[in-house]
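Subject: Model for you to look at

Hi,

Here is the structure I promised to pass on. Please open it beside this email.

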Amino acid sequence: PHILKKVISSEHIYDASISYINWRVFGFFFSFVGVMFRAFFVGTTQTKTLTLNSVVMVLSNVVFNYILIFGKFGAPQLGIAGAPLGAIIRKGGLGMPIVISVIFFVIYTWKRIDCKKYALNHLPGFRPEMLKRILNVSFWTMIQNFFSLSTWFMFFLFVEHLGERALAITNIIR
């Protein structure tokens, strides 16, 4: 909030951004779990499962945004705050799966995957050497993602200074 207050000129956009972030932060746990499942299915070349999961996410995206933004089926009308809540339920920002996706992966894995074959039925101990190797490989990917996200953040900051209407149009087009 302290950084956004200094860089966003519109009080209305600032309030909407804080409202979005306050809900969106709850999705991180599910994002991490979803990424692990995605890595498993890519690593075991079961990419059809990821396609099926994407279909589930797109359909839930439409349903949950409609319900939460417009207050349908007894849900409160949350406006823009409903979008991140719907995102937490269906998927993560930046395309990472969230609750619906994780539920899908858990049920699919439980019903269709041989957990003993892949040692999914027990938790391994902490291995610092393995963590070091993973971080050595993933560090540059994290740097690339930081630059990718920061350029979009800067772009939307510049557009926001043109006005709320310009920002709304840019978000719709993106």
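First, the ground rules. This is a predicted model, in which local features need pLDDT of at least 70, side-chain atom pairs count only at pLDDT 80 or more, and totals for chains, interfaces and linings use all residues. Residues are numbered from 1 along each chain as its sequence is written, and side-chain values use heavy atoms, with hydrogens and water left out.

Overall fold

The protein chain has 8 helices and 0 strands. Helices here are DSSP runs of H or I with at least four residues, strands are runs of E with at least two, and numbering starts at the N terminus. The pattern along the sequence is α-α-α-α-α-α-α-α. Of the 174 residues, 29% count as buried (under 20% relative accessible area; exposed is over 50%, partly exposed in between; 1.4 Å probe, protein chains only). Take the contacts (heavy atoms within 4.5 Å) between residues at least 6 apart in sequence: 55% of them join residues at least 24 apart.

Helices α4 and α6

Helix α4 (residues 47-70) packs on helix α6 (residues 99-112). The angle is about 145° and the axes are 9 Å apart. Axes are lines fitted to C-alpha atoms, for helices over the stretch in contact, and angles run from 0 to 180 degrees between N-to-C directions. From α4, the contact uses T49, L50, L52, N53, V56, M57, S60 and F64. From α6, it uses I100, S101, F104, F105 and Y108. By class, that is 9 nonpolar, 4 polar and no charged residues. Nonpolar covers Ala, Val, Leu, Ile, Met, Phe, Trp, Tyr, Cys and Pro; charged covers Asp, Glu, Lys and Arg; the others, Gly among them, are polar.

Aromatic rings

The structure holds 13 aromatic pairs. Rings of Phe, Tyr and Trp (its six-membered ring) pair if their centres lie within 6.5 Å; planes under 30 degrees apart are stacked, over 60 edge-to-face, the rest tilted.

F41 sits in helix α3 (residues 28-43) and Y108 in helix α6, so the pair ties together parts 67 residues apart in sequence. F41 is buried, at 0% relative accessible area. Y108 is buried too, at 18%.

W152 and F156 make another pair. Their centres are 5.8 Å apart with planes at 25°, so they are stacked. Both lie in helix α7 (residues 128-160), 4 residues apart, or about one helical turn. W152 is partly exposed at 37%, whereas F156 is buried at 16%.

There is also a cluster: F37, F40, F41, F104, F105, Y108 and Y118 form one aromatic group.

Two lysines lie over ring faces. K5 is over Y14, at 4.6 Å from the ring centre. K111 is over W110, at 4.7 Å. The test is NZ of Lys or CZ of Arg within 6 Å of the ring centre and within 35 degrees of the ring normal.

G79

G79 lies in the loop between α4 and α5 (82-90). This glycine is partly exposed, with a relative accessible area of 26%. Leaving out residues up to four places away in sequence, G79 touches L68 and I69. N65 is 14 residues away along the chain, and its C-alpha is 9.5 Å from that of G79.

Best wishes
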